[in-house]
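Dear colleague,

I am handing over the structure below, together with notes on what was found in it. Please read the notes with the model open beside them.

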Amino acid sequence: MRVELYNKMLYLTGAVIICLLTSYFYTSTENDIYSFDFLAYWKMYSDYSSLLFNDPLLYISKTFHEVYSQDYNPLASTIIAPVYYVFGSSRFVFISAIAICYLIPVCYLTYLIVRDATKSNNTVTLVVCLFISVSYVGYWKPILRGYPDIVSMIPLLYCIYYTQRHSLSFKIDVKRALLIGFLLWLPFLLRRWYAYTIVATYLALPLFELIWNKSTNYKKAFINLFVNYSVAGTLSIILVLLFQKDVAIRAITTDYSSVYSAYGLPVLESIHKTISHIGYFLFISCLLSFLISYFTVKESRKLILTIAFIFVLSYIMFVRTQSPGHQHEIPFVTWMLIPLLITIIKLINKIKNYELKANAVVVTISLSILITSVSIFRSVFSDRFGRVFFPEKVYQLKLDNYDNYLDMVSYIKERVLQSNVTYVSVISSGGVLNQSMLKYMAKGDLDNRIKLTPQVDLRDGMPIDSLLSQYLVVVTPIDTHLPHGQEVIKITANDILSGKGLGSHYDEIKRFHLANGSQGIVYKKTSPFTVNEIRDFIFKFSKYYPEWQGNYDNDKVISLLTSSIEPGDGAAWFSKSAEFGINTHPGKNIDTVISLIPMRDVITFKSTSTTCKNADGIFVSYSSKNDSGKLHIKPGSEVKLLLSDKSERLNLRVSKGLNDACDSILIN
């Protein structure tokens, strides 16, 4: 017993070493440029782990709110907070923590499932399952890109393992039913998109338990399964309503297939994409393993059919919403891995010669490591055979002309970080440059100076905030991260690059040579747009989204887009309101100046901050061809301005009183 435990610890240590080496060699060659999801979970890990140790009560409050209301909460990134406390927040530490704390438990649970399914409780089973799983390319691709999504497989696999050993068909067992309900809620708690896999699992477990029912009384078995899984499902639903009510309501009421249509592909293309992610060799091997294990390993048939059912049903449901990325494929590649391991274990255990068996184990594990290594590190396998045989490459996040990126960031800082508050937007979303990348490279200096650019049409809408920024960075050739559904990037970039339409109001001030032969061009806005130019710009989208003509070609939107906004200094800022008005704040020493065409006879000024005891209101001076004057908007009050001519440009100067406390104002 002690020797067996020692051997397990030795093999687990080997798995940890593989995780550390893979993480180190991958991250050590990357540029310090990360963006979007590749950055988001790493930042959550750093920010929330720090918060946990500095202010535990605030961490609990903030995390609970995020879990309750947000689709992507920080739990998956902060379960590993003790690692942060001991080793820090470097990229290498974060990736290693995901691999060691999440991947290794998944590998061990996979071993337990395969061991029970094959009735092979020996060292060969442990070594093969552990080391093939820990070097499995389907897991490493999302992990190395900073996705912690594999954490949800831990409760899911434990549920599969538990139900293998404890049938719920013999009697009504509330305790075990509640445990299953809790285990099948956890994946959704940690990563919302596991919902499809959870639904498929809830259907598969009782179905195949009933089919493989060993009791002679099928009616009793059916009733027991129905009651037990009803209890489990009820607990899962109660937990969702208690801790994730807003997320659940949004999931039920949102048409994600429409919102994420830009991420969608036809079913056959999605299947081809998934196959290319793991390679044809692995895919065919896994597919054959389903058949081989079912027909030759009788004791595994129930498990094989269960995971096959979960795989097919959850995949069909998922691709109806969007095409899966590497992180979404984690459960799918797991269901493919299990029959592959069952087949390998059975074949190797048939070998009687000890030396030949040991060689077979070494070759099998080496092949798994080779496939993953070729996929994630640059290699000589660049010919057609290599591209077909091995999985699609996921190389390190490294860009050519890295120094030029740093020069571009420094140049933008010099112009944006002035005495007046100034904003910049990035009209690009691809791997060459995007707003998240610029924000990260600026190391916090531009956090409040980047106006976020809409990127996915049906999710984000028109790029109104971007067009109000004083500076734009546009990439040529136009750089997007999706094959379609990003006209908000393409049309806007085309206008700016051509110098026509809205682009005629920008001057090019600097070019930088970026990665892949692209150029990043910095533009400065020199004058406000005209009404006709704005209408022409909106009309360009009507070919793709006819409803946008009615949504955006109206007085509120057009008036907002005619605006020229120059915020003051200090606490000055501006943003688009939900009703296409202007939220703004005067500076401490410099007034905020706004010029716009009202398009309406009445302009409303409303004080939106009322919590400061020493607030003395805001002053707004206005002037146009026919109107001029000065208004005092007291804290919490609203003042209406009646205009003589709504088509004339109106100039506004927003200034503080004796102080700038609570001087936020909404102009509508």
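K119 is found in the loop between α6 (91–118) and α7 (123–134), where helices (H or I, at least four residues) and strands (E, at least two) are DSSP runs, numbered from the N terminus. This lysine has a positive phi of about 55° although it is not a glycine, and at 65% relative accessibility K119 counts as exposed; here buried means under 20% relative accessible area, exposed over 50%, and partly exposed in between (1.4 Å probe, protein chains only).

Before going further, please note that this is a predicted model, in which local features need pLDDT of at least 70 and side-chain atom pairs count only at pLDDT 80 or more, while totals for chains, interfaces and linings use all residues. Residues are numbered from 1 along each chain as its sequence is written, and side-chain values use heavy atoms, with hydrogens and water left out.

M599 likewise has a positive phi, of about 65°, without being a glycine; M599 sits in the loop between β8 (592–596) and β9 (602–607), and with a relative accessible area of 13% M599 is buried. A further backbone feature is the peptide bond from T476 to P477, which is cis, with omega near -5°. These features were picked out because most residues other than glycine have a negative phi, and most peptide bonds are trans.

P477 belongs to the loop between β2 and α25, and Q486 lies in the loop between β2 (471–476) and α25 (487–498). Q486 is buried, its relative accessible area being 0%, and a polar atom of its side chain lies 3.1 Å from the backbone nitrogen of H481. Not counting residues up to four places away in sequence, Q486 touches S429, Q455, D457, T480 and H481, a contact being heavy atoms within 4.5 Å.

Turning to the helices, L184 is found in α10 (residues 174–190) and is buried, with a relative accessible area of 1%. Leaving aside residues up to four places away in sequence, L184 touches L156, C159, I198, T201, Y202 and S236, and its C-alpha atom is separated by 9.7 Å from that of Y194, ten residues apart along the chain.

On the cysteines, the count comes to zero disulfides, a disulfide being a pair of cysteine sulfur atoms within 2.5 Å. C129 is in no disulfide, the nearest cysteine sulfur, that of C107, being 9.7 Å away, and at 0% relative accessibility C129 counts as buried. C159 is buried as well, with a relative accessible area of 1%, and its sulfur is 19 Å from the closest cysteine sulfur, in C107, which is too far for a bond.

Among the strands, β11 (residues 628–633) holds G629, which at 30% relative accessibility counts as partly exposed. Its contacts, apart from neighbours within four places in sequence, are V620, S621 and Y622.

As for the whole protein, the secondary structure comes to 28 helices and 14 strands, and the C-alpha atoms fill a box of roughly 100 × 60 × 50 Å, taken along the principal axes. Of the 668 residues, 54% count as buried, and among contacts between residues at least 6 apart in sequence, 76% join residues at least 24 apart.

Methods: A polar contact is a pair of N or O atoms within 3.5 Å; within protein, one must be able to donate a hydrogen and the other to accept it, and residues adjacent in sequence count only if both atoms are side-chain atoms.
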